[in-house]
Amino acid sequence: MFNATVCALTGDNQPELLLLDLDGTLIDSVPDLAKAVDSMLGILGMSLAGPERVARWVGDGADMLVRRALADGDEDAAKTLMQAQVTNARQYFDSAYMRCLHQATGAFPGVQEFLQATGKKVLITNKPRQFTEPLITSLGWDSHFEFLLCGDDLSERKPSPVPVLHACKELGVSVENTLMVGDSRADIQAAKSAGVASVAVTYGYNHGEDIRGSAPDLVIDSLNQLLG
């Protein structure tokens, strides 16, 4: 059985299943997300946010991103906004994001090589399916994943363990032979709650916090480190 604390997943040290986050782990999506957020805020007559602030708001799904933008980053205020206000703003965000979805988003260094070199994989993202599918297709990654699990597919999303356990069950792989790779506290918490080993990348978003604070089993600076 593989050991997540050993950096290189080579030889006998390979998990049967890899669970991969998308935003901040495989792709730098902030440029496009920031454009969409600022388009929404502009339409609503609010001050623009910019990429640096949006990077701290990413990771918990589109609704929470919109809530944080409407609340100017105030987490408590974001959670207490009326859903009708969020739904109204989401229509502007969704339209803008669909238009700019592929303009700046790109894979982080080493990701393409990593995807080609590794075995059975499932993408687990909190991004809605309407954005995830065309984005994965535009990157030419459809064949890399057994399937996609998006933020609106199941009853719960990360940091819940539900998507992680669902992926393992669907493919008949034990949690002991599964590895989660992500960039945020939601990824690590989902893995821990499911009993799955976790690897965190340092270059992601994670709300501006050091990912080491979430105590993943291993921290790396590049996915290439897992290839040995």
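A helix crossing is left-handed if the near helix is turned anticlockwise from the far one by less than a right angle, and right-handed if clockwise. By that convention, α1 and α3 cross in the right-handed sense. The structure is a predicted model, in which local features need pLDDT of at least 70, side-chain atom pairs count only at pLDDT 80 or more, and totals for chains, interfaces and linings use all residues. Residues are numbered from 1 along each chain as its sequence is written, and side-chain values use heavy atoms, with hydrogens and water left out. Helices (H or I, at least four residues) and strands (E, at least two) are DSSP runs, numbered from the N terminus.

**The sheet**

- Six strands form an open sheet with parallel pairing, in the order β5-β4-β1-β6-β7-β8; two strands pair if DSSP finds at least two bridges between them.
- The edge positions belong to β5 (148–149) and β8, each with a single partner strand, so one side of each has no neighbour in the sheet.
- Strand β1 (residues 17–20) is covered on both faces: L17 and L19 on one side, and L18 and L20 on the other, are all buried. Buried means under 20% relative accessible area, exposed means over 50%, and partly exposed lies in between, using a 1.4 Å probe and protein chains only.
- β1 runs parallel to β6 and is joined to it by 4 bridges, with L18 opposite L179 in β6.
- β1 also runs parallel to strand β4 (residues 121–124), joined by 3 bridges; L20 has L123 of β4 as its bridge partner.

- In strand β7 (residues 197–201), 5 of the 5 residues are buried, so the strand is largely enclosed by the rest of the structure.
- The burial covers both faces of β7, with A197, V199 and V201 on one side and S198 and A200 on the other.
- Strand β6 (residues 178–182) pairs with β7 in the parallel sense over 4 bridges, and S198 in β7 is the bridge partner of M180.
- Strand β8 (residues 218–220) also pairs with β7 in the parallel sense, over 3 bridges; here V199 stands opposite L218 in β8.
- A right-handed β-α-β unit is made by β6, helix α9 (residues 185–194) and β7. A crossover is right-handed if, with the strands pointing away from the viewer, the path from the first strand over the helix to the second runs clockwise.
- The loop between α9 and β7 contains G195, which counts as partly exposed at 47% relative accessibility.
- G195 and V175 are 20 residues apart in sequence, and their C-alpha atoms are 6.2 Å apart in space.

**Helix packing**

- Helix α1 (residues 30–43) and helix α3 (residues 62–70) have axes that come within 11 Å and cross at roughly 55 degrees. Axes are lines fitted to C-alpha atoms, for helices over the stretch in contact, and angles run from 0 to 180 degrees between N-to-C directions.
- α1 and α3 are therefore oblique to each other. Angles under 35 degrees count as roughly parallel, over 145 as roughly antiparallel, 65 to 115 as roughly perpendicular, and the rest as oblique.
- α1 packs with helix α5 (residues 83–100) at an angle of about 140 degrees, with the axes 8 Å apart. That angle makes α1 oblique to α5.
- The crossing of α1 with α5 is right-handed.
- Helix α3 includes A69, which is buried with a relative accessible area of 4%.
- A69 and M46 are separated by 23 residues in sequence and by 9.5 Å in space, C-alpha to C-alpha.

**Cysteines**

- A disulfide is a covalent bond between the sulfur atoms of two cysteines. The criterion applied is a pair of cysteine sulfur atoms within 2.5 Å, and a search of the whole structure finds 0 disulfides.
- The sulfur of C100 is 18 Å from the closest cysteine sulfur, in C150, which is too far for a bond.
- C150 is in no disulfide either, and the nearest cysteine sulfur, that of C168, is 17 Å away.
- C100 is buried, with a relative accessible area of 6%.
- C150 also counts as buried, at 6% relative accessibility.
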